[in-house]
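I opened this model to look up its ligand and its pockets. My notes follow.

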Amino acid sequence: MKRILTIQDVSGVGKCSLTVALPIVSAAQVEACVLPTAVLSTHTRFKHFTFADLTDQIAPISEVWQKEGVTFDAIYTGYLGSYRQMELIEDLIDAFKTPDNFIFVDPVLGDAGELYARFDQAFVDRMALFCAKADVVTPNMTEASAMLHIPYVEANYDESYIRDVLRGLCALGPTIAVLKGIDYGLGNLGIVGYDKRSDEYFSYFHEKYPGRYHGTGDIFASAAVAAIARERSIPEAFQIAADLTVDSIRKTYANPHPRNYGVDFESALPAFVAKFA
Ligand code: PXL
């Protein structure tokens, strides 16, 4: 069985980060190991949240795993809370990277043109440096624009603009960049990716639902990293991830609840599980 290490926070309520990554990675029949970076009551889009930092645990945990000879088929990072965390996780990646595994970075920074609470441009710039450690990155346009210092444009992109952004992201270091939430103004929404090894682009478009849904980026990244670990091709892995994300939104749209509480990905898991049976 493949084994993924995911490094991100635990937000007790709000269906994001580890509470999403664990069930989705397991549903793909991949072992999910975790290094929690912080414990929050609720994610930072809620009006109130606690934040207990676990940065001091990163190096000791990594040292024990090294002593025990633990190996990972992928290391997947999501929401990271501080500069020091990024530094320590870079060291962890150096210790566990092999020619056979891959590093998947979801640079969680913001959405809808705005950075999340606690983050500023200096933090974004540090995340752009952190992306140099990645083989695969999956930002949204808010995150990509901030990391590349280009203006945020919400929608109606042309294809050549998106391709420029993808090449810009790969210039930060990764081999593969995937932009999610792309709206060409044609009534649908999708993902567009670029593989710098083959110099090829891929895309996948699906129906668009009104509004923005919290936690969908974490669903997308968790499904994609698991599907890549299960040796699906890169375009296929991202199509599987987009399908799970859109299915989750569809279920939530049919049964609405406050957006901060995340989407009903649980109802979309049976179809996802079937893809790895
Ligand atoms: O879904 C991304 C995410 C993860 N973890 C925390 C967050 C967010 C987005 O706001 O606040 C703590």
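This is a predicted model: local features need pLDDT of at least 70, side-chain atom pairs count only at pLDDT 80 or more; totals for chains, interfaces and linings use all residues.

I began with T44: an N or O atom in its side chain lies 2.7 Å from an oxygen atom of the ligand. I count that as a polar contact, a pair of N or O atoms within 3.5 Å. Residues are numbered from 1 along each chain as its sequence is written, and side-chain values use heavy atoms, with hydrogens and water left out.

Next I checked two other side chains. D218 has an N or O atom 2.7 Å from an oxygen atom of the ligand, and H214 has a polar side-chain atom 3.3 Å from one. I then looked up the cover: the ligand taken alone exposes 310 Å², and the protein buries 98% of that (Shrake-Rupley method, 1.4 Å probe).

How many residues surround the ligand? I found 13, with D9, T44, Y79, H214 and D218 the closest (a heavy atom within 4 Å). This shell divides into 5 nonpolar, 5 polar and 3 charged residues; Gly counts as polar and Tyr as nonpolar.

Where does the ligand sit? It sits in the largest pocket, as more than half of its atoms lie within 2 Å of the grid points. A pocket is an open set of points on a 1 Å grid over the protein atoms alone, where a 1.4 Å probe fits, with protein on both sides within 12 Å along at least five of seven lines; lining residues have an atom within 4 Å of a point.

I noted about 920 Å³ of space in the largest pocket (the space filled by probe spheres set on the points). Its lining has 47 residues, with D111, G181, R212, Y213 and T216 nearest the centre.

Notes: A polar contact is a pair of N or O atoms within 3.5 Å; within protein, one must be able to donate a hydrogen and the other to accept it, and residues adjacent in sequence count only if both atoms are side-chain atoms.
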